[in-house]
Amino acid sequence: MKLSGQRVLVTGASSGIGAEISREMARRGSHLILVARGAEKLEALAGELRENGATVEIEVCDLSSDAEIARLAGRVLDGDGAPDVLINNAGAGRWLATWETEAGYAEEAMRLPYLAAYELTRQLLPAMLERGSGWILNMTSAAGFLAIPGATAYAVARWAMRAFSYELEAELRGSGIGVTLLVPFEVDSPYFDNNPGSRERIPKIARLIGEMTPADVAQEAADSIEHERRERMLPWRGRLIYRLTPPPLMRWLLSSTGWKRQKGQA
Ligand SMILES: NC(=O)c1ccc[n+]([C@@H]2O[C@H](COP(=O)([O-])OP(=O)(O)OC[C@H]3O[C@@H](n4cnc5c(N)ncnc54)[C@H](OP(=O)(O)O)[C@@H]3O)[C@@H](O)[C@H]2O)c1
C-alpha cells in the first residue's frame with residue numbers, strides 16, 4: 001500500500017520510534033493523526049511536520065483507559081472517518097522478574113501495548129472494513145519471540161501483541177485490510193529512560209546484533225507497509241541469528257548471558 005495521500009494514525013507519536021515513524025510517514029506524503037499523552041511534545045512535532053507541508057491532527061489520549069480510547073475513536077470517526085493506516089506503537093513496561101513486581105503489575109503491563117492496541121483496533125475496524133481497504137501495523141519487540149530472564153510481564157505483553165497481530169491477519173484475509181507485525185531488537189530511544197533498569201537486563205548476546213536508531217525502525221515500518229510485509233524482524237543480524245539458532249540453544253544463550261537472580265534475593 002502506497003503511503004502517499006493516506007491518513008495515518010500513530011500511537012505513541014510523542015517520543016522515540018513513534019515520533020520517527022510520524023516523520024517518515026510525513027516525508028512519504030501521508031496525513032497524520034498523532035496520539036499520546038504528552039500534549040506539548042505532540043504540538044512540537046506537529047509544528048515541525050506542518051512546516052514541512054504535512055497535514056497533522058493531534059489527539060491527546062491516555063491509552064491505558066478504555067474510556068479515553070472510546071472518546072478518541074469517536075472523535076476520529078466523527079471527523080474524517082477511520083484512518084487508512086493504524087500504527088499501534090505506544091508501549092511502556094519495566095523489565096522485572098515475576099517476584100519483583102507488585103500486585104496488579106501483570107495487568108498493568110498488558111494495558112500497553114496489547115489491550116490498548118486491541119481496543120483501539122476494535123473501535124476503528126468496522127469503519128475500515130466498510131471501506132474495504134487499509135493497513136494495520138502492530139509494534140512488538142524481539143522479547144515477543146524469546147524467553148528473556150527478568151522481564152516476565154513485559155515480555156508476555158509483547159507475546160500477546162504478536163498473537164494479536166497473527167489473529168488479526170487471519171481474520172482480515174480477503175477484507176482489503178493488511179496487517180504487519182514489526183519486531184525490533186534493541187533501539188536507542190527514550191524507552192530506557194522512561195522504563196528505568198530495563199536496558200541493564202538485555203542479555204549480552206544482543207551485543208552481536210547492536211542497537212538501531214528510531215529513524216532506522218521508522219524506515220522499516222514505512223517500507224513494510226509499502227511492500228505489504230506480514231512480519232519484519234529487525235535489524236537483519238537479529239533476524240539471521242533468530243532464524244539460525246535452534247530454540248534450545250537460544251534459551252541457553254539468553255539465560256547464560258542474561259539477567260540472573262542474586263543469591264539470597266527473594
Ligand atoms: N526501544 C526499544 O529498544 C524497543 C525495542 C522493541 C520494541 N519497542 C517498542 O516500540 C514502541 C515505542 O517505544 P519507544 O522505544 O519509542 O519508547 P518511548 O520513547 O518511551 O515511547 C513510548 C511512546 O508510547 C507513549 N505512551 C506510553 N504510555 C502511554 C499511554 N498510557 N497512553 C498513550 N501513549 C502512551 C509515549 O507517549 P506519552 O508518554 O506522551 O504518552 C511515547 O510516545 C513500544 O511499544 C516499545 O515497546 C521498543
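A residue counts as buried if 20 or more other C-beta atoms lie within 10 Å of its own, as exposed if 12 or fewer do, and as partly exposed in between, with C-beta atoms placed from the backbone. Helices (H or I, at least four residues) and strands (E, at least two) are DSSP runs, numbered from the N terminus.

This is a predicted model, in which local features need pLDDT of at least 70 and side-chain atom pairs count only at pLDDT 80 or more, while totals for chains, interfaces and linings use all residues. Residues are numbered from 1 along each chain as its sequence is written.

## Strand pairing around β4

Two strands pair if DSSP finds at least two bridges between them. Strand β1 (residues 7-11) runs parallel to β4, and 3 bridges join them. In this pairing L9 stands opposite L86. β4 also pairs in the parallel sense with strand β5 (residues 134-139), over 4 bridges. Here V85 stands opposite W135 of β5. From β4 the chain crosses through α4 to β5, and this β-α-β crossover is right-handed. A crossover is right-handed if, with the strands pointing away from the viewer, the path from the first strand over the helix to the second runs clockwise.

Strand β2 (residues 31-36) is largely enclosed by the rest of the structure, because 5 of its 6 residues are buried. β1 and β2 run parallel and are joined by 5 bridges. V10 stands opposite L34 of β2. The chain passes from β1 through α1 to β2 in a right-handed β-α-β crossover.

β2 pairs with strand β3 (residues 56-60) in the parallel sense, over 5 bridges. V35 stands opposite E59 of β3. The chain crosses from β2 through helix α2 (residues 39-51) to β3, and this β-α-β crossover is right-handed.

## The nonpolar core

In soluble globular proteins, nonpolar side chains tend to be buried together. A nonpolar core is a set of buried Ala, Val, Leu, Ile, Met, Phe, Trp, Tyr and Cys residues joined through C-beta atoms within 7 Å. The largest such core here has 76 residues, and V10, L32, L34 and V35 have the most contacts inside it. Helix α4 provides the largest share of this core, 9 residues.

Two residues are in contact if their C-beta atoms, placed from the backbone, lie within 7 Å. Leaving out residues up to four places away in sequence, L34 touches V10, A13, S22, L42, L45, A46, V56, I58 and E59.

## The shell around the ligand

A residue is near a molecule if its C-beta atom, placed from the backbone, lies within 6 Å of it. There are 30 residues around the ligand, and G12, G16, R37, G38 and G91 come nearest. By class, the shell has 14 nonpolar, 12 polar and 4 charged residues. Ala, Val, Leu, Ile, Met, Phe, Trp, Tyr, Cys and Pro count as nonpolar, Asp, Glu, Lys and Arg as charged, and the others, Gly among them, as polar.

At least two residues of the shell come from each of α1 (16-27), α4 (105-131) and α6 (191-194). α1 gives the most, with 3 residues.

## Backbone exceptions

Most residues other than glycine have a negative phi, and most peptide bonds are trans. A cis peptide bond joins L112 and P113, with omega about 15 degrees. P113 is in helix α4. A cis peptide bond also joins L234 and P235, with omega about 5 degrees. P235 is in the loop between β7 (231-234) and α8 (236-244).

E228 is not a glycine, yet has a positive phi of about 55 degrees. E228 is in the loop between α7 (214-226) and β7. E228 counts as exposed because it has 11 C-beta neighbours inside 10 Å.

T98 is in the loop between β4 and α4. T98 counts as exposed because it has 11 C-beta neighbours inside 10 Å. The C-alpha atoms of T98 and Q219 are separated by 35 Å, and these residues are 121 residues apart along the chain.

R131 is in helix α4. R131 is partly exposed because 14 other C-beta atoms lie within 10 Å. R131 and L234 are 103 residues apart along the chain, and their C-alpha atoms are separated by 32 Å.
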